[in-house]
Amino acid sequence: MKQRNTLLIVILALGVFGIITTEIGVVGVLPQITEKFGVTASQSGLLVSLFALVVAVSGPFLTLLASGINRKRILLLSVLVFTISNLVYMMATSYNVMLLFRILPAFFHPVFFSVALVTAAKLVPPEKSSQAVTKVFAGITVGFAFGVPLTSYLAEQLSLEAAFLFGALVNGAAFTGILFWLPSMPVMERMSYGKQLGILRKPGLWLNIAAVMCLFAAMFSVYSYFAEYLGQVSRMTGSLISAMLMVFGIVMIMGNFLFGVLLQKSVTKTVLLFPFLYAVIYLMNYWLGPYLVPMIGMIVLWGIVHSGGLIISQTWLMEESGEAPEFGNSLFVSFSNLGITIGSAAGGWFISRLGVPQLVWSGVLFAALAFFLILIKMSVFRARAESAEHRATAE
């Protein structure tokens, strides 16, 4: 039983890996998409931003609606849609067709994440549920580490079609694993819609959400155009860009561990430190971008810091939504993707108006805004807590 559950957790992590590869993998092949369909860089960037926007808008509502449906059926339908979408990308001859099939799987993205995390927790004893969830969540980091650069590498060395076939195969493997190994999992106890929605009445939650949105906007306003920036500013070749995406992703695994340790020591200090570090990274990228060797070193530092945004943002948001974890996870997925949408759109605007070399300033602005939102949250609610404590003492 233990080995079987371990296999199921790996399959769920594979599904997360496939979905992240589908969502973010296009970042590494935007130049090829731009060339194939004859569109501008900002238009091809819509493949990232529109996907994220649909996730952001639909996520919490679809997660609520799906909360009573057999979890196996939800997981199967989600990865099937992602498999079919990748096959459509592979065969598409029209940019509009590809854009349409970026929208469709986006509806299933947050549902799969929320259900997969809950399913993983149900497969193990309660005391090991957090470890199981962490392993499934690791599929995100591995997606950045290997899914994105492999997509870029296959597009560069073979073809754009081969890159999307890879995405289809990964999601297809996850579908097969869920179909044959995951047992039927009907929902026995469902938290009421009212109780789940009740966390939205917490003002502190909305400050955390705003900070998470700005953090992801800071991260993806530049990362969404990673290949464009390295190609035009650092003059890297396509194969070198693919290698840099791989390096970026691998060091993200190190960064994930590093920021996990920092969060255990102090959540508030780590959350406050992150946007400051990211702004510093962008400023260094701006100064060192035209120099090939220093920029390679910067990519290593960039990847380490970038990975922290995932675990830090989720921890920061779950601080205010722990009583409804499924709905809280859907809020994280939705609003982080809204941050990606805003960030990638802002990055496209900077490119079209100011040019690729000025792209990093969009990231600096969002990082600064996130920093101040976190400061406001800490200051306001610390003051409220101290005031309540004084009142209790006086009474």
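# A helical chain and its aromatic pairs

Tyr223 counts as buried, at 0% relative accessibility. That value comes from a predicted model. The cut-off for burial is under 20% relative accessible area, so Tyr223 qualifies.

**Around Tyr223**

Tyr223 lies in helix 11 (residues 203–223) together with Phe220. The two are 3 residues apart, about one turn of the helix. Phe220 also counts as buried, at 1% relative accessibility. How do the rings of Phe220 and Tyr223 pair? They form an edge-to-face aromatic pair, 5.7 Å centre to centre, with 90° between the planes.

Both residues belong to one aromatic cluster. Other members include Phe216, Phe226, Phe248 and Phe259. Phe274, Tyr278, Tyr282, Trp302 and Phe332 are also in the cluster.

**The chain as a whole**

The chain has 17 helices and 0 strands. Its 395 residues give a radius of gyration of 21 Å. A compact globule with 395 residues would have a value near 21 Å, so the chain agrees with that rule. Along its principal axes, the C-alpha trace spans about 65 × 50 × 35 Å.

Of the 395 residues, 56% count as buried. The accessible surface of the chain comes to about 16,500 Å². Carbon and sulfur atoms account for 69% of that surface.

Take the contacts between residues at least 6 apart in sequence. Of these, 84% join residues at least 24 apart.

**Aromatic pairs**

The structure holds 19 aromatic pairs. One of them joins Tyr89 and Phe164, with ring centres 5.4 Å apart and planes at 65°. Planes over 60 degrees apart count as edge-to-face, so this pair is edge-to-face.

Which helices does the Tyr89 and Phe164 pair tie together? Tyr89 lies in helix 5 (residues 71–91) and Phe164 in helix 9. The pair therefore ties together parts that are 75 residues apart in sequence. Tyr89 counts as buried, at 1% relative accessibility. Phe164 is buried too, with a relative accessible area of 4%.

**The salt bridge**

Side chains of opposite charge can pair when their charged atoms come close. How many salt bridges does the structure hold? There is 1. The side chains of Lys36 and Glu161 form it, at 3.2 Å from N to O. This pair links distant parts of the chain, with Lys36 in helix 2 (residues 30–37) and Glu161 in helix 9. The two residues are 125 residues apart.

Lys36 is partly exposed, with a relative accessible area of 35%. Glu161 is partly exposed as well, at 31%.

**A nonpolar patch on the surface**

Helix 9 (residues 160–181) also gives the largest share of a nonpolar patch, with 3 residues. The patch is formed by Leu7, Leu179, Phe180 and Trp181 on the surface. Together they have about 410 Å² of accessible area. Leu179 is found in helix 9. Its relative accessible area is 35%, so Leu179 is partly exposed.

**Two further positions**

Ile241 lies in helix 13 (residues 238–265). Is Ile241 buried or exposed? At 8% relative accessibility, Ile241 counts as buried. Leaving aside neighbours within four places in sequence, Ile241 is in contact with Phe226, Ala227, Leu230, Gly231 and Met236. Phe226 is also one of the residues in the aromatic cluster.

Leu288 is found in helix 14 (residues 267–288). Leu288 is partly exposed, with a relative accessible area of 27%. Beyond neighbours within four places in sequence, Leu288 is in contact with Pro294, Met295 and Met298.

| Pair | Distance along the chain | C-alpha separation |
|---|---|---|
| Leu288 and Val233 | 55 residues | 9.7 Å |
| Ile241 and Leu14 | 227 residues | 25 Å |

**Helix 9 again**

Several of the features above involve helix 9. Phe164 in helix 9 pairs with Tyr89 in helix 5. Glu161 in helix 9 pairs with Lys36 in helix 2. Leu179, also in helix 9, is part of the nonpolar patch.

Conventions. Residues are numbered from 1 along each chain as its sequence is written. This is a predicted model: local features need pLDDT of at least 70, side-chain atom pairs count only at pLDDT 80 or more; totals for chains, interfaces and linings use all residues. Side-chain values use heavy atoms; hydrogens and water are left out. Patches are made of residues with over 30% relative accessible area and no salt bridge: like charges are joined within 9 Å, nonpolar side chains (Val, Leu, Ile, Met, Phe, Trp, Tyr) within 5 Å. Accessible areas come from the Shrake-Rupley method with a 1.4 Å probe; for residues, only the protein chains shown count as cover. A salt bridge is a side-chain nitrogen of Lys or Arg within 4 Å of a carboxyl oxygen of Asp or Glu. Helices (H or I, at least four residues) and strands (E, at least two) are DSSP runs, numbered from the N terminus. Buried means under 20% relative accessible area, exposed over 50%, partly exposed in between (1.4 Å probe, protein chains only). The radius of gyration is taken over C-alpha atoms; the globule rule is 2.2 Å times the number of residues to the power 0.38. Contact means heavy atoms within 4.5 Å. Rings of Phe, Tyr and Trp (its six-membered ring) pair if their centres lie within 6.5 Å; planes under 30 degrees apart count as stacked, over 60 as edge-to-face and the rest as tilted.
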